[in-house]
Amino acid sequence: MPAELAAAAAASSVRAYPEGTAILVEDARPAKHLYVIRSGSVELLHGDQAIDVLEPGESFGVASVLTALAPAFTVRARDATVCVLVPRD
């Protein structure tokens with residue numbers, strides 16, 4: 001398991017999103033990454049309705065990555081947000 005964890009860490013990248021940026025879009029293309037929030041926060045939206053707020057240490061995109069289906073929610077940066085992106089592979 002340590003080798004797999006090291007490989008995932010080596011393949012990961014960091015990306016910054018300005019406030020208001022749609023990171024994933026409901027019913028759009030499947031996510032290519034698991035996103036882990038490093039700083040800032042994001043809103044989960046279903047249509048125009050805010051469902052939840054995720055903060056540092058929380059993740060999103062896992063269901064879309066695992067199933068290769070479209071995201072069930074739009075994920076929008078609530079403020080300036082930095083995420084660690086772990087690729088599907």
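**Figure 1. The largest nonpolar core of the predicted model comprises 15 residues.** Such a core is a set of buried Ala, Val, Leu, Ile, Met, Phe, Trp, Tyr and Cys residues joined through side-chain atoms within 4.5 Å; buried denotes under 20% relative accessible area with a 1.4 Å probe, protein chains only. Tyr17, Ile23, Tyr35, Val42, Phe60 and Cys83 have the most contacts inside this core. Strands S2 (22-24), S3 (33-39), S4 (42-46), S7 (74-77) and S8 (81-87) each give two or more residues to this core. Residues are numbered from 1 along each chain as its sequence is written, and side-chain values use heavy atoms, leaving out hydrogens and water.

**Figure 2. Surroundings of isoleucine 23.** Contacts (heavy atoms within 4.5 Å) link Ile23 to Tyr17, Tyr35, Val42, Phe60, Val75 and Ala77, not counting residues up to four places away in sequence.

**Figure 3. An open, antiparallel sheet of 4 strands in the order S1-S8-S3-S6.** Strands are DSSP runs (E, at least two residues), and two of them pair if DSSP finds at least two bridges between them. S1 (13-17) and S6 (59-60) are the edge strands, each pairing on one side only. Between S3 and S6 there are 2 bridges, and valine 36 stands opposite serine 59 in S6.

Key: Predicted model: local features only at pLDDT ≥ 70, side-chain atom pairs only at ≥ 80, totals over all residues. Buried < 20%, exposed > 50% of the residue type's maximum accessible area, 1.4 Å probe, protein only.
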